[in-house]
Amino acid sequence: MKVICTSPSFAKYDDAPISALKEADLELVMLPADASIEMLAQHLPDAIAMIVAFTDINESLLAKAPRLKIVCKHGVGVDNIDLNATRQRKIFVTNVPDANKHAVADFAFGLILNTARQIYQAISETKAGNWPRIFATDVYGKTLGIVGLGHIGKEVARRARGFNMRVLATDAWPDREFAQQHQIEYVSLDTLTAQSDFISLHTPLTPETENMFNAAGYSR
C-alpha cells in the first residue's frame, strides 16, 4: 500500500515519520511539490493516503485514486483541497494546525513593525545612496486588532503584549480563558475595525470570510 507525499518539508529534519510508515508496512513515494497529474497518476491507483503541501486535490485527481482513504495537509490551510469532493468519496482530510504558527506570527508581527517604522522604505533609500528623513509611527502602546484568534492569532497576540499593545480580537469561537490571561478584549468586527491602529487577519478563506474587509469596512 502506497502513501504519496508531495510536501517538500516532510521528514526534512527528522526521520521519525518515515520510520513510522515503514513500521506500518506502507510504501512511501516521494514526489516533487509540483508533480504533474501524469506523474501522480502512476501511483494514484495504489495509494491509500496522500501527504500534500501545495498539490491541488480535486475531482480529476481523486477519480484516479479509488483506494484513497485520507489526505493529510502538511500545513494549516486546506484551500487546495476540494472538501466537497473528498466528503462525497468519504475521504478523511487532516491538517497540522500548529505546524508553522510561530513562523507565521513572527512574519505577521514583522510586517506590522515594517509598516509602522517604514523599514523597507528606509533600506531601499539607503541602498540607493540616500539618507531619508522618515517620520514613522510607534508600535509600542498602540491598539492591535486580531481577526481570528486561533493558533497563529494567539501567537501574534503574545508578541503584541510584549510591545504593551492593547489587543482587540474577534473570533467565531472565543477562547475566554486565553483572552483573560493575556488581557485581550473580544469585540465586534465593527468595533475592532474602528478602534485598531493595526489589524492582523488570521482566518481561513471561506464563503463567510471572503471579502470580509472592503472599502466600507476600512472607512469606519
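Start with the contacts of Ile91. Skipping neighbours within four places in sequence, Ile91 is in contact with Leu62, Leu68, Lys69, Ile70, Val71 and Thr86. Bear in mind that this is a predicted model.

Where does Ile91 sit? Ile91 is in the loop between α4 (83-88) and β5 (92-94). Buried or exposed? Ile91 counts as buried because its relative accessibility is 7%, and the cut-off for buried is under 20%. Now look across to Arg161. Arg161 is 70 residues from Ile91 along the chain, and their C-alpha atoms are separated by 41 Å.

On to the cores. In soluble globular proteins, nonpolar side chains tend to be buried together. Here, the largest nonpolar core has 21 residues. Leu144, Leu149, Val156 and Ile184 have the most contacts inside it. Which elements give two or more residues to this core? They are α5 (101-117), β6 (143-147), α7 (151-162), β7 (166-170), α8 (176-181) and β8 (184-186). Of these, α5 gives the most, with 5 residues.

Take Val156 as a close-up. Leaving out residues up to four places away in sequence, Val156 touches Ala105, Ala108, Phe109, Leu144, Ile146, Ser200 and His202.

Last, the annotation. An unreviewed UniProt entry lists residues 109-216 as "domain: D-isomer specific 2-hydroxyacid dehydrogenase NAD-binding". In the model, that span is 42% helix and 16% strand. Its end C-alpha atoms lie 25 Å apart.

Terms used:
Residues numbered from 1 in each chain as written. Predicted model: local features only at pLDDT ≥ 70, side-chain atom pairs only at ≥ 80, totals over all residues. Heavy atoms only, no water. Helix = DSSP H or I, 4+ residues; strand = E, 2+ residues; numbered from the N terminus. Buried < 20%, exposed > 50% of the residue type's maximum accessible area, 1.4 Å probe, protein only. Contact = heavy atoms within 4.5 Å. Core = buried A, V, L, I, M, F, W, Y, C linked by side-chain atoms within 4.5 Å. UniProt positions renumbered as here; feature names shortened; annotations may be inferred.
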